[in-house]
Amino acid sequence: MTVTDPFGNIELRREIGDHVTLTTVDIQQLVLDSLDGDDHFFIRINNPYDQIDVLGGSPGGSDVLQVSDEYGGDLFEVNPSVDPGRGNIDIDSDTLDINYVGIEHIELNASGGEGGTDSLIVNDDGADNVWEVRAGRFGDLIEIDDRETIDYSDFVDVELVNDFGNDILFSAIGVHFNF
């Protein structure tokens, strides 16, 4: 399912090509429910919605939520829940809230390369956690306690926030930190 344009149109695609295009008018909250299967949700943040709820399904390990920016100057804030596969991505302090359930992989694409101005904050879930930062599929990847992965690219600033508990951070070079 794809939300790609500033008008909020939604495209449902399959391997064989486009399946359905939905045109929306005056909708503030959008719910994308994929049911079962290997699903890929693609959302550009320049859309008319205040809130998008993304509902992945079975089987585990297969649903991807990709969030992308084209223009820059935005703050992406990821707030994982205590339940794996569930959480929230807040864009620019509530300009757009993306709530997700049943998602195993998150991919965040900033506005791009050198001169990009997007920032990323990843918060903990309020428990004692082990964080791992390593190379991802198209950028760097953060994983907290074997839950959904957060793969990101082209952010000018990335901040990992531990507000509670005794967390350990492992980096790809084999060094670990307590924070």
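# Close-up views of a predicted all-chain model

**View 1. Val-54, Leu-65, Ile-89 and Leu-108 touch the most other members of the largest nonpolar core, which has 33 residues. Such a core is a set of buried Ala, Val, Leu, Ile, Met, Phe, Trp, Tyr and Cys residues joined through side-chain atoms within 4.5 Å. Strand S10 (residues 96-101) gives the largest share of this core, 3 residues. The model is predicted, so local features need pLDDT of at least 70 and side-chain atom pairs count only at pLDDT 80 or more, while totals for chains, interfaces and linings use all residues. Surroundings of Leu-65.** Setting aside residues up to four places away in sequence, Leu-65 touches Phe-41, Ile-43, Val-54, Ile-89, Ile-98, Tyr-100, Ile-103, His-105, Ile-106 and Glu-107. Contact here means heavy atoms within 4.5 Å.

**View 2. The whole protein, for orientation.** The protein has 18 strands and 0 helices; both are DSSP runs numbered from the N terminus, helices being H or I of at least four residues and strands E of at least two. Buried residues account for 46% of its 179 residues, where buried means under 20% relative accessible area, exposed over 50%, and partly exposed in between (1.4 Å probe, protein chains only). Of the contacts between residues at least 6 apart in sequence, 56% join residues at least 24 apart.

**View 3. Aromatic rings of Phe-76, Tyr-152 and Phe-155.** Ring pairs link these three residues into a cluster, and a search of the whole structure finds 2 aromatic pairs. Rings of Phe, Tyr and Trp (its six-membered ring) pair if their centres lie within 6.5 Å; planes under 30 degrees apart count as stacked, over 60 as edge-to-face and the rest as tilted. The Phe-76 and Phe-155 rings are edge-to-face, because their centres are 5.1 Å apart and their planes stand at 85°. This pair links distant parts of the chain, 79 residues apart: Phe-76 is in strand S8 (residues 75-80), and Phe-155 is in the loop between strand S15 (149-153) and strand S16 (157-161). Phe-76 is buried at 0% relative accessibility, and Phe-155 is buried at 13%. Tyr-152 and Phe-155 also form an edge-to-face pair, 6.4 Å centre to centre with 65° between the planes. Tyr-152 is buried as well.

**View 4. The loop residue Asn-129 and its contacts.** Asn-129 lies in the loop between strand S12 (119-123) and strand S13 (130-135) and is buried, with a relative accessible area of 3%. A polar atom of the Asn-129 side chain is 3.0 Å from the backbone oxygen of Ala-127. Beyond its neighbours within four places in sequence, Asn-129 is in contact with Asp-124, Ile-144, Asp-145, Asn-166, Asp-167 and Ile-168. Asn-166, in the loop between S16 and strand S17 (168-171), is exposed, with a relative accessible area of 64%. The C-alpha atoms of Asn-166 and Asp-128 are separated by 5.1 Å, although the two residues are 38 apart along the chain.

View 5. Asp-145, in the loop between strand S14 (140-144) and S15, has phi near 50°, a positive value in a residue other than glycine. Its relative accessible area is 37%, so Asp-145 is partly exposed. Asp-154 is in the loop between S15 and S16, with a positive phi near 70°. Asp-154 is partly exposed, at 40%.

Key:
Residues numbered from 1 in each chain as written. Heavy atoms only, no water. Polar contact = N/O pair within 3.5 Å; in protein donor to acceptor, adjacent residues only side chain to side chain.
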